[in-house]
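Subject: Structure handover and findings

Hello,

Here is the structure for your files. My notes on it follow below.

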Amino acid sequence: MGTIYIVGTPIGNLSDFSPRAVQTLREVDFIAAEDTRVTLKLLNYFDIKKPLVSYHEHNLRERGEAIIERVQNGENVAVVSDAGMPCISDPGEDIVRLAAAAGIRTVVIPGPSAAVSALCISGLVTSRFSFEGFLSTNRKNRREHLYSLQEDTHTLIFYEAPHKLLDTLKDMAAVFGEERRVSLCREMTKIHEEVFRTDFRGAIEHYTEVTPKGEFVLIVEGASPKKPPEMTLEDAVAEAKALTGEGLRATDAAKQVSAHSQFKKSEIYSALVALLSRASASESASEPDENE
């Protein structure tokens, strides 16, 4: 049985194509390409001569099964997209599922990614992010997608074409707010690479005056985390009382609640002891006198 290689290709600058990727394309039996014309230019540049088969969103299942059959018969294939990593907003993800179901070995040959490259130079938070890919061309569906992300605190990553950019920015401003920060990264690694860091109001003003050109990656600031409602002393004492009911000592219960509230341990402890004393006195008062 052969192997499927998932090979990342340059997103603009051909110098980013790794030696390992070049070697892999030279050694496989054939290459499955999103657009064979685009991939042929890449192969010619690196003087690689291999058979090409088209593999894109309109033929992915039929062609994918044919590719799987060839690999099961011992051939090795490299799967490439027009630019960047296959399987990211790309039909390559389907062939990996087919390979997994068939028990075929898959190997990734890492390459450039427009999403991660743009994130790195966005100036926004990079520790937690959500990749959202392309938004729908249907405005209703696009708005629904954006509303589902309205309270998401992760940095959000979108791909967008120049002719749709202004409409997308206006929808994002309506859903996320005009003051939400956004970095618009266009033509990553190419001659006219540009990063425009602003907010949605500034982006809309700019691209109303300047016609958008090139492919864009939008890095959108996440929503500010909502502060939980502030706990009252009464709430803190009630929580501590519940902990004593589970067997915790009053001082330990006060310490535990103090750790996640704005109240000092001593404040909670004093109020808790007073509450427990009142409860004990009330119970004693309600018990019948045996001498009566």
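How do the residues of the lining of the second largest pocket divide into nonpolar, polar and charged? There are seven nonpolar, five polar and two charged residues in that lining. Please keep in mind throughout that this is a predicted model.

Pockets

The second largest pocket holds about 230 Å³ of space. Its lining is made up of 14 residues, and those nearest the centre are Pro-10, Leu-14, Val-38, Leu-42 and Asp-82. Helix H2 (residues 36-45) supplies the largest share of this lining, with four residues.

The largest pocket has a volume of about 640 Å³. A total of 28 residues line the largest pocket, and Ala-83, Ala-114, Phe-134, Tyr-159 and Glu-215 are the ones nearest its centre. Two or more lining residues are given by each of E7, strand E8 (181-186) and strand E10 (216-220). By class, the lining of the largest pocket has 13 nonpolar, six polar and nine charged residues.

Helix H4

Helix H4 covers residues 92-102, and its buried residues are Gly-92, Asp-94, Ile-95, Leu-98 and Ala-99. Viewed down the axis of H4, these residues fall within an arc of 155°, so they line one face of the helix. The face turned away from that buried side carries Ala-100 and Ala-101, which are exposed. The cover over the buried residues of H4 includes strand E1 (3-7), helix H3 (60-72), strand E4 (77-80) and strand E5 (105-109). After H4 comes Gly-103, which has a positive phi, near 75°.

Lys-164

Lys-164 sits in the loop between strand E7 (155-160) and helix H7 (165-176). Is Lys-164 buried or exposed? Its relative accessibility is 16%, and the limit for buried is under 20%, so Lys-164 counts as buried. The side chain of Lys-164 makes a polar contact of 3.2 Å with the side chain of Glu-160. Not counting residues up to four places away in sequence, Lys-164 touches Leu-135 and Thr-137.

Two serines

Ser-258 belongs to helix H10 (residues 250-258). With a relative accessible area of 18%, Ser-258 is buried. Which backbone atoms does the side chain of Ser-258 reach? One is the backbone oxygen of Phe-263, at 2.8 Å, and another is the backbone nitrogen of Lys-265, at 3.3 Å. If neighbours within four places in sequence are left aside, Ser-258 is in contact with Phe-263, Lys-264, Lys-265 and Ile-268. Between the C-alpha atoms of Ser-258 and Ala-274 there are 17 Å, for 16 residues along the chain.

Ser-148 is in the loop between helix H6 (139-147) and E7. Its relative accessible area is 56%, and exposed means over 50%, so Ser-148 is exposed. The side chain of Ser-148 reaches the backbone oxygen of His-145 at 2.6 Å.

Regards

Key:
Residues numbered from 1 in each chain as written. Predicted model: local features only at pLDDT ≥ 70, side-chain atom pairs only at ≥ 80, totals over all residues. Heavy atoms only, no water. Buried < 20%, exposed > 50% of the residue type's maximum accessible area, 1.4 Å probe, protein only. Contact = heavy atoms within 4.5 Å. Polar contact = N/O pair within 3.5 Å; in protein donor to acceptor, adjacent residues only side chain to side chain. Arc of directions from axis to C-beta. 1 Å grid on protein atoms, 1.4 Å probe; cavity = no way out; pocket = protein on both sides within 12 Å on 5 of 7 lines; lining within 4 Å. Points joined across faces, edges and corners; volume = space filled by probe spheres on them. Nonpolar A, V, L, I, M, F, W, Y, C, P; charged D, E, K, R; others polar.
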